[in-house]
Amino acid sequence: MFLFRLMSYLFGHVSLLVQGEALEKFINMASGRGIYLWDITKVGADKIMVRVRLSGIKPLRHIARSTGSRFKIESREGMPFVFQRMKKRKVLVVGALIFLAVLYMLSSFIWFIEVTGTSKLAPKEVLKAARQAGLAPGVMKRSVDTSAVERAVKDRLPTVSWVGVYIKGTKAVVEIVEKKIPEGVGNQQPAHIVAKKAGLVKEILVLSGQPAVKEGDTVVAGQVLISGEIIPAEKPESELNDQMPEEIPAPIAQPKYVHARGMVRARVWYEGYGEAQLVEKGKRPSGKRVERVCMKIAGKEIILKGPQEIPFQEYETKQEVKSLPKWRNISIPVEVINIQYLELVPYRDQRTLSEARKLAEEKALSAVRAKMPDGARILEQRVERVETGQEENLVRVKVFVESLEEIGQEKEFNP
Amino acid sequence: MAWQDFKKRIKRQVSDFLEIPRDVMLDLPKIVLVGSLQVFIENHRGIVEYTSETVRVIVGDGEISIAGENLSLRNITADEIIVEGQIKRLNIDN
């Protein structure tokens, strides 16, 4: 039906007001000849309104003559008539064409430039660099060579490590990735190196600053290891006297402040505790799972997929809610909920004393490792069972670890 | 007339035996009513009367008359008619 309407519109159709005595005959003859009539309505005693395609009008004339009726065209619809009207209103057509042409022309320029990815660099500087490379609002899209602009912007801005330029409609997007400059390099703020934690200094290497501890010293957390304050060594009195017989007051020794750098490695002790039950009871997932997808509409849940009843006695749920994005203040109360039911089964583990002890040891060691920094070397470890003196279901273990690690930490100070 | 009746009987028996739809074999109209809004008549022989209250259509060897209000012929081709409006009655006269 829609196709028919479309064809009628394309070929044009008219509404006819037919007047006559034998209108039924008129309709029968028309349909018999294969002229398609539709929307026939009676409007008066001997008048009907009929719609017919443009191609059917000529044969209808003959039919009208032979049935003794007359018809008048009431309204015209369809493309052929639209074209006719267009011919009368040439200026309108010209205006529409000009509009399209202008739209097309304007869309071949770049009107906006967006800079993304800058953090330290000001977008203005990027825009300036892009303008010098030939990318600015108002230039033709065709004249912009994106890879050349990328290269030029990257050359002009030394802190940029990557530039991507792409054109999206009338907008050019300049993506910037800035170089990450490692912090601390070139930092001249006076600083000490202090101990992160307590330990016994094993070796000390000073790059700048003045060592405040010696190998073999015990330090506590926060203690200055390498000082950034260098107090000039006082020259022995005698020497001074030798060189300058005249009494010149020795200049007051001004301490020099530097950013201390160096490495301090120390032995650090850790203690960890772990316990394990000889008989352990609990619940753990069996690996079986069912999934259920629900749709929640205004408080009501509808199961889309998955069983009605959960076939497990005990289970854990993992829920994932997907809701539609909120727009302004309107949130659509429809969400899809994906719930996973993981079956839990009770278990009872029995361990021998040595197994439990091993497990407790592992736990204690992993607790210690969590406290140790990367790069620490374990020198020695000792495990000790904690005896509570009474019979119980627990094996308690303490682990002592001695490690060699870097304990220096920079700490700025104001002289 | 007896010959005509005999021919009709034979045709019906053949169509029953071969399970051919009767409207095809016997040249009968097919009428579809959509509530009281629309009547669709297939295999007609032309209209006899059309006013906004009654529509009479010749079919096969009889006549169908539709009575109602604001009746209009939505569609008319050589073998189908769609009548729309408020349909009150539909008579089949043989």
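Biologist: How many residues of chain A are in contact with chain B?
Modeller: This is a predicted model. In it, 14 residues of chain A are in contact with 14 residues of chain B.

Biologist: Which elements of chain A supply that side?
Modeller: Helix H2 (23-32) and strand S2 (37-44) of chain A each supply at least two of the residues that touch chain B.

Biologist: What is the side of chain A made of, by class?
Modeller: There are six nonpolar, five polar and three charged residues on the side of chain A that touches chain B.

Biologist: Which strand of chain B does S2(A) pair with?
Modeller: S2(A) pairs with strand S5 (residues 62-76) of chain B, in the antiparallel sense and over four bridges. Within S5(B), B:Ser72 stands opposite A:Thr41. As background, strands of a sheet pair through backbone hydrogen bonds, either parallel or antiparallel.

Biologist: Now the nonpolar cores. Which residues touch the most other members of the largest one?
Modeller: They are A:Ile27 and A:Leu37, in a core of 30 residues. S5(B) gives the largest share of this core, five residues.

Biologist: And what does A:Ile27 touch?
Modeller: Leaving out residues up to four places away in sequence, A:Ile27 touches A:Leu37 and A:Ile40 in chain A, and B:Ile47, B:Tyr50 and B:Ile76 in chain B. Another core, of 26 residues, lies apart from the largest one; among its members are A:Ile193, A:Ile226, A:Tyr270 and A:Ala276.

Biologist: Back to H2(A), please. At what angle do H2(A) and H3(A) pack?
Modeller: Two packed helices are described by the angle between their axes and the distance between the axes. For H2(A) and helix H3 (residues 57-67) of chain A, the angle is about 145° and the axes are 10 Å apart. Their crossing is right-handed.

Biologist: Which residues meet there?
Modeller: From H2(A) come A:Lys25, A:Phe26, A:Met29 and A:Ala30, and they meet A:Leu60, A:Ile63, A:Ala64 and A:Thr67 of H3(A). By class, this contact has six nonpolar, one polar and one charged residues.

Biologist: Let us change topic to the sheets. What is the order of the three strands in the open sheet of chain A?
Modeller: The order is S5-S7-S6, and the pairing is mixed. Strand S5 (112-116) and strand S6 (160-168) of chain A each have a single partner strand, so they stand at the edges and one side of each is left without a neighbour in the sheet. On average, neighbouring strands of this sheet are turned by 15° against each other, direction ignored.

Biologist: How many bridges join S6(A) to S7(A)?
Modeller: Eight bridges join S6(A) to strand S7 (residues 171-178) of chain A, and the two run antiparallel. A:Gly164 stands opposite A:Glu175, which belongs to S7(A).

Biologist: Which strands of that sheet do H6(A) and H7(A) meet?
Modeller: Helix H6 (residues 123-132) of chain A lies across S5 and S7 of chain A, at about 125° to S5(A). Helix H7 (residues 146-156) of chain A packs on the sheet against S6 and S7 of chain A, and its direction makes about 150° with that of S6(A).

Biologist: And what is the order of the sheet of five strands?
Modeller: That open sheet of chain A has the order S11-S9-S15-S21-S20, with antiparallel pairing. Its edge strands are strand S11 (218-219) and strand S20 (377-386) of chain A, each of which pairs on one side only. Strand S15 (residues 261-277) and strand S21 (residues 394-406) of chain A pair over 13 bridges. A:Tyr273 has A:Lys398 in S21(A) as its bridge partner. Helix H9 (residues 353-371) of chain A packs on this sheet and touches S15, S20 and S21 of chain A.

Biologist: What is the phi of B:Asn43, and where is B:Asn43 found?
Modeller: Most residues other than glycine have a negative phi, and most peptide bonds are trans. B:Asn43, although not a glycine, has a positive phi of about 70°. B:Asn43 is in the loop between strand S2 (38-42) and strand S3 (44-50) of chain B.

Biologist: Is B:Asn70 buried or exposed?
Modeller: B:Asn70 is exposed, because 11 other C-beta atoms lie within 10 Å and a residue with 12 or fewer counts as exposed. B:Asn70 lies in strand S5 of chain B and has a positive phi of about 50°.

Definitions and conventions. Residues are numbered from 1 along each chain as its sequence is written. Chains are lettered from A and ligands numbered from 1 in the order in which they are written. This is a predicted model: local features need pLDDT of at least 70, side-chain atom pairs count only at pLDDT 80 or more; totals for chains, interfaces and linings use all residues. Two residues are in contact if their C-beta atoms, placed from the backbone, lie within 7 Å. Ala, Val, Leu, Ile, Met, Phe, Trp, Tyr, Cys and Pro count as nonpolar, Asp, Glu, Lys and Arg as charged, and the others, Gly among them, as polar. Two strands pair if DSSP finds at least two bridges between them. Axes are lines fitted to C-alpha atoms, for helices over the stretch in contact, and angles run from 0 to 180 degrees between N-to-C directions. A nonpolar core is a set of buried Ala, Val, Leu, Ile, Met, Phe, Trp, Tyr and Cys residues joined through C-beta atoms within 7 Å. A residue is buried if 20 or more other C-beta atoms lie within 10 Å of its own, exposed if 12 or fewer, and partly exposed in between; C-beta atoms are placed from the backbone. A crossing is left-handed if the near helix is turned anticlockwise from the far one by less than a right angle, and right-handed if clockwise.
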